[in-house]
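Dear colleague,

Here is the structure I promised to pass on. My notes on the packing and the aromatic rings follow below it.

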Amino acid sequence: MVLKRTFEKDVASWFISPVLSGTVSVLIFIIIRHLILKKENQLDVGLMFLPFIYAFTIFVNVFSVVHDGPSVLKLDEIYWWGALIIGLGTAFITGIVVRCFVVPRLRRTILESLEANTNNISLKVIREDGFQVSEDSQSIMNGSSVMLNHPSSQNLIQEEEKAKNNDLKSADKLNGIAEIIKKKECHSLSYQYQPADEQYSNGTGEQEVKPSDSIESVQDDKAETRRLFSFLQILTAVFGSFAHGGNDVSNCFGPLVAVWLIFLAGDVQQKEQTPIYLLVYGGVGISLGLWIWGRRVMKTLGEDLTKITPSSGFTIEIGAAATVLLASKTGFPISTTHCKVGSVVFVGWTRMRKGVDWKLFRTIILAWVLTLPVTAGLSATCMAIFYGLKIV
């Protein structure tokens with residue numbers, strides 16, 4: 001009966017954890033969007049909140065380690081209020097350090113990067129047939145020559161001849177685009193021509209130029225905001241790795257530890273602590289797995305399921321990591337991958353209603369459902385073979 005309840009709890013966690021993690025990530029994303037992303041001066045506001053973000057992340061990690069921590073480090077002897085004081089103290093010191101040293105340096109780095117990019121703006125005009133016209137913004141302003149790119153050099157020559165005959169009227173179009181750049185003072189633009197049979201901007205046959213909807217809908221972060229949250233994602237990635245190691249390694253490594261301790265003690269009543277060398281072995285194993293096969297899962301979650309910007313990626317990582325860490329402390333077995341999938345889908349749908357690949361999401365859910373019977377069947381087959389060979 002106890003095993004049945006445990007099994008039901010484990011299965012329920014597969015579906016509860018994505019919803020819980022997604023809800024946490026969406027709440028964080030809404031707060032970030034309200035406090036930072038909707039502001040005109042996103043860099044200043046983001047840097048103002050940076051110490052608090054660091055302090056919160058450090059507090060959660062330190063408190064989770066110290067409170068009811070491993071007996072090897074004598075952390076299990078510290079009361080909960082002691083762990084709380086240690087966590088708050090470490091978070092306060094971290095916030096002060098970030099405010100005094102990290103924020104000024106990060107501000108200077110971002111502004112220098114933006115200034116460098118402003119001096120090297122690249123403009124790309126894309127036509128339906130794949131023909132591209134690229135030119136540095138300074139060359140546009142100064143009326144310099146246009147560089148034409150095409151996959152075939154022969155077609156390139158033909159296009160140049162057409163340009164000379166004013167069939168493409170590239171110069172007029174680029175002059176119009178240059179005026180748009182001057183008016184809007186954009187750092188970078190991506191424009192797309194309409195088909196020739198559609199509406200024209202004037203009666204001379206010129207095609208109307210408008211910003212690409214796909215680019216605008218995905219790249220909703222300003223340049224300085226992308227750099228700020230890209231820096232923050234380093235912190236949240238470390239946070240997520242810590243939570244992943246505390247949860248998923250335990251899930252997959254627990255049976256091995258149990259078998260090993262039973263083998264050493266000759267008793268199923270396991271009273272010994274997990275040996276350090278087994279923990280090291282588990283850490284090396286998960287690192288190798290990430291190195292060899294992890295890129296496929298990264299691509300599926302980070303690119304294929306939905307488009308992720310630095311700001312949304314930050315909320316996904318911190319929300320999923322906080323959920324996993326909380327579950328680890330309460331002994332609730334969940335999967336970090338399940339939590340990440342839930343956060344990616346929830347935040348992706350919140351950003352853009354049509355931004356989630358639901359077909360891929362259904363495939364992921366099907367894989368979750370099939371995992372249990374497939375693994376159970378393989379384990380039962382192995383045991384049947386061992387019994388047949390009288391190994392056990």
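Which residue lies over the face of Trp 349? Arg 353 does, at 4.0 Å from the ring centre. Please keep in mind that this is a predicted model.

On the core: the largest nonpolar core has 43 residues. Among those with the most contacts inside it are Leu 47, Leu 50, Leu 232 and Phe 314. The elements that give two or more residues to this core are α1, α2, α3, α8, α10, α11 and α12. Helix α10 (310-330) supplies the largest share, eight residues. Leaving aside residues up to four places away in sequence, Leu 232 touches Leu 50, Ile 53, Tyr 54 and Phe 314. There is also a second, separate core of five residues, including Val 249, Phe 253, Leu 261 and Leu 278.

On the rings: a search of the whole structure gives six aromatic pairs. One of them is Phe 59 with Phe 63, a stacked pair at 5.9 Å centre to centre and 20 degrees between the planes. Both residues lie in helix α2, four residues apart, which is about one turn of the helix. Phe 63 counts as partly exposed because its relative accessibility is 25%.

Trp 260 and Phe 263 have ring centres 5.8 Å apart and planes at 35 degrees, so this pair is tilted. Both lie in helix α8, three residues apart, again about one turn.

Regards

How values were computed:
Residues numbered from 1 in each chain as written. Predicted model: local features only at pLDDT ≥ 70, side-chain atom pairs only at ≥ 80, totals over all residues. Heavy atoms only, no water. Core = buried A, V, L, I, M, F, W, Y, C linked by side-chain atoms within 4.5 Å. Buried < 20%, exposed > 50% of the residue type's maximum accessible area, 1.4 Å probe, protein only. Contact = heavy atoms within 4.5 Å. Phe/Tyr/Trp six-rings, centres within 6.5 Å; stacked < 30°, edge-to-face > 60°. Lys NZ or Arg CZ within 6 Å of the ring centre and 35° of its normal.
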